[in-house]
Amino acid sequence: MGTFDDLYTDVLFQAGSVSIKLSEPVQKRVLKSLVGDTSLCYYQHIRLKPGFIQKVTEVIQELKAGGISPEIFQSAINKMESGPRLMEIGEIYLDYERYLEEEDLVDYLGAAWSALISMQEGTLIPDRWSPLIVDGFDDFTPVQIRILSQAAAQIPELTITLTGEPDDRVRPMVHKRFLRTRKELKDAITFDEEIYLDPSPRGFLTPSIRDLERELFEKDVRKNSGDDALSLVAAPDREGEVRNALRWLKKWIVRKNWEPHQTAVLFRDIEPYRSFLYQTAEEYGLPIYLEEGRPLIENPAVAALINVLQIASPGDEYLAWREVIEAWRSPYFAWKEAFHNQDAKTPIGIEASDAETLNWIARWGNVIQGSDQWEEAFRVLLSHEREEVQEDLRTAFPGTTTSRKEIEGMRRKFRRFVHRLQPPEGKKTYRTLVAWVEGVIGNRSLEEGRKTDLNMVRRVTNGPEVFKERDLEALIKLKQVLRGFVWAERTVETSSVSYRTFIQELRQSIEEERYHPSQWKKEQGILAADVVAARGLHFKAVAVLGLGEGEFPATVDEDPFLRDNERKELQDEFDLPVPISARSWEAEYFYETITRASQHLLFTRSRIADNGALWQPSPYWEEIRRHVNVEPEILSTQNRPAVKDSASWGEVSRTLASYPDAKELWREFKDRKPELADSIKITSDIFCQRYHCSQYEIELHDGNLKNKGTEFSELFDSEHIWSASRLESYKKCPFLFFTIHVLLLEQRQLPQEGLDARQLGNIYHHIFEALYRSAGEDPTLDHLLENLPRIADSVLDAAPQREGFRETGWWEQTREEIKDNVARSVSVLETMDPSFGFYRAEQTFGIPGREGPALVVEGPGDDYFQLRGYIDRVDRDSKGRVRIIDYKTSAPYGFRNQAVREGHKLQLPLYAMAAEQALNVGPVRDGFYFHVRHAEASRLRLRSFHHQGKKGPREAIKVSTQEAWKAIYGARQGHFIPRVPDMNCPSYCPAADYCWHYSPRNW
């Protein structure tokens, strides 16, 4: 038993012709090198693109499969006057063939051609190939037909099997390609006998499948019953197709005690289904063998290696923070044991927990990428330039003793890490660069490697068994790719390249490669393949997926490089066997697909396309329905398989959760999986409670922690010091308050360039404070505007370091915008009410370590609460009455009287109370928020505030105090039930990912 490739090899060996055979990756590298050296005009701008090399490879393969030499091809296109588009393809083909001849190399199709020439020159086929039976083919290349013709003349017995019918029963729709192949063979070879096997028994097919095969695409049909041999499922989407197909196959495997390899799942295009296949097969405990293999780039070990190699590559991704953190987290590298150079006395020393510390440093220092930004973050963190560094450390690592000494240790580890990944400088040979990468991958034994090796192979070997074989196969394939670079360099005279170029080429090569995890043997797993790859194979049960319009039959596009009108001319005028690129064999493929199964056949389609539109069924789906009396099963996302049909415990649990009253099933399930059953019951009860209980019945699992009320009353007792923002957050949504101020969760801010809202607000506050503090008493508008540029520049110069943001190219424009906003705001503030003049800035109360006691607000009985805060600005008139102002960078929208009445804006009235009672600066006459980017005061003014017929600051303070007490009593009682604010939930809510009430804003 052998392949055509085995036959070529034996014939060439018999002829004494031994050449090195190029693998496909090396073949592409050879072509890329030759294209780079060929003078091109038409394809100049795309000559080195991977897609161009791929298309040129395909055209050359087509020509060689037809036995068309470069000289013949060039002669034909010269006579066609086709222009530079085809002429340049011909030149590349000629250069490629000349190079192979000079270097004594052959590619796969070249081996076929060489074997044919040897046979024509008298080389005999070895005896082991006689008699010769050619089985499982429905198509042959012209070269293969000529080889079979030579074989027929040499050996006494040649048998070729083909699909088809006698001439009087020809079926053009399903036999067109088979008839063409049969004609080509009969034109080339004189057969002694043509035997038609009796098709009537078809004993290996069940009656329903047999009838379908016999009548497919026929005009006059009779509907057969279909029984349980044929099934149709219209699933909601591709994932639903995969789940139903694998569940269906598992049913037959279990019920009939079949081996998994006796079943298959077939696609016209497997790519959109691939990820669903992996996930579902793992959930169902089914072994899957993908005929085409898994993409090498998707293997976790290979992906981790590419990440590390790109980190070291100068450019956009050089030491990018996210990639660096991923590298430190990766279990595939021996960061702890490896040394950064051969002479080092100390290993790199990165521990598993160090990645989180480095991640915090990156976010704290706004590290985007590059060694300069990392070093700056470490330098600032280790200096005393920011007062809050030590507080930040305690916040980032609660319960730990992280110190500056430990941060210094992190910096040393980081520097050793960077040094180890420093690639060879300048342009190097591929062999040198491959050797550098091999040092990262390492070998199985420590003794074989250097002390700087990162020992990926050894860590995979010593890692979890469940991943060991998968990752080893991927690394072996990767090493083959690397050796291909070295081989290509030996074969082709290539110039040295930079490390960056090498990594780009390596990634491209890896993206084209696939591997087979050895734990999924072909003879053990369910075959998952394209329908073309499954031709000639037989299974007991087959699921055919993707019978949607445009998918099966697939759309066939014309080749843009060698167009069909040119192919037709090459055929008609020059008798060259160049196939028409847009010719479709979809009907034959479908016919072959439905005959792969002998007992059970399932067809599925998606009702919803990937873009969310309704997906119409394929014509082949309708053809099946025309033949069989089987109604498709229409499924939605709400459908759950019956417990007896479930293929995993996960499906069982989801089904039971949908039917909590199925007591017998629950008892059986609890006996089999007690812990899982308990978890499902608790979860089901929680959901039922959330969806069916009234507001007054809400319990523990929806924020009502009244049974923990004692703990919260102690946590938020009279000694607790509140802030206005905390009270407002409770009034906005009690669960938001609980998440931030009780659970102490926050949204993790990623490093970013430029300013965020908090940093921008701080800058405005610092400028206003410095400007008015330096102006002295009774400053004039002219004096303020005169000093503003100097003071603003001083604050802005220090802002990146002080606030911890990274400057962008827009920073200079932002500076000018800030100064302009401040100037306009100062002008408005100094002229809007001449009776008030600046008195004090940044008045603190209740802030630890600062002047000013907390505001004490008395309540019922002996109860009270305390408040802390910053009053941005206090103005005073000639009678000693004050006006308080709070700067805001936000827009004025929402700052109205109603916001105080609803408890959403409590800060201004409570600060007015603090100004009078805690700071004793005088009676408050007025107050407002001032929106500095708009240079206007809010519509909310304390002097004009009115409620229930009363007006002024006293009424605003009274209302805000009442609302504050409501928030405090709610927190003390454990009332944290989520509530969606009027404008929907803020995007910064830390509970956004898990709060079932979360409703994002649409703007």
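1. The side chains of D10 and R128 are joined by a polar contact of 2.7 Å. A further polar contact, of 2.8 Å, runs from the side chain of D10 to the side chain of W129. The model is a predicted one, and these distances are computed from it.

2. D10 sits in helix α1, which spans residues 4-14. Its relative accessibility is 18%, so D10 counts as buried, the cut-off being under 20%. Leaving aside residues up to four places away in sequence, D10 touches P126, R128 and W129. Of these, R128 and W129 are the polar partners described in point 1.

3. Which residue forms a salt bridge with E963? The partner is K731, with the closest N and O atoms 2.7 Å apart. E963 belongs to helix α36 (residues 953-972) and K731 to helix α29 (residues 724-732), so this pair ties together parts that are 232 residues apart in sequence. Both ends are on the buried side of the cut-off: E963 has a relative accessibility of 8%, and K731 has a relative accessible area of 13%.

4. Two other salt bridges lie within single helices. R773 and E769 meet through their side chains at 3.0 Å, N to O. These residues are four apart in helix α31, and therefore separated by about one helical turn. E769 is partly exposed, at 22% relative accessible area.

5. R824 and D820 form a salt bridge in which the closest N and O atoms are 3.5 Å apart. Here too the spacing is four residues, in helix α33 (residues 811-831), so about one helical turn separates R824 from D820. R824 is partly exposed at 32% relative accessible area, and D820 is partly exposed at 42%. Elsewhere, salt bridges with shared partners link K55, E58, E62, D559, D564 and R567 into one network. The count for the structure comes to 63 salt bridges.

6. How many disulfides does a search of the whole structure find? The search finds zero. C733 is in no disulfide, and the nearest cysteine sulfur, that of C995, is 6.3 Å away. C733 is buried, with a relative accessible area of 10%, and C985 counts as buried at 9% relative accessibility.

7. L743, L745 and Y994 make a nonpolar surface patch of about 270 Å². L745 counts as partly exposed, its relative accessibility being 37%.

8. G880 is placed in the loop between β17 (864-876) and β18 (882-888). At 22% relative accessibility, G880 counts as partly exposed. Not counting residues up to four places away in sequence, G880 touches V921, G922 and P923. G880 and V242 are 638 residues apart in sequence, and their C-alpha atoms are 78 Å apart in space.

Note on methods: Residues are numbered from 1 along each chain as its sequence is written. This is a predicted model: local features need pLDDT of at least 70, side-chain atom pairs count only at pLDDT 80 or more; totals for chains, interfaces and linings use all residues. Side-chain values use heavy atoms; hydrogens and water are left out. Buried means under 20% relative accessible area, exposed over 50%, partly exposed in between (1.4 Å probe, protein chains only). A polar contact is a pair of N or O atoms within 3.5 Å; within protein, one must be able to donate a hydrogen and the other to accept it, and residues adjacent in sequence count only if both atoms are side-chain atoms. Contact means heavy atoms within 4.5 Å. Patches are made of residues with over 30% relative accessible area and no salt bridge: like charges are joined within 9 Å, nonpolar side chains (Val, Leu, Ile, Met, Phe, Trp, Tyr) within 5 Å. Accessible areas come from the Shrake-Rupley method with a 1.4 Å probe; for residues, only the protein chains shown count as cover. A salt bridge is a side-chain nitrogen of Lys or Arg within 4 Å of a carboxyl oxygen of Asp or Glu. A disulfide is a pair of cysteine sulfur atoms within 2.5 Å.
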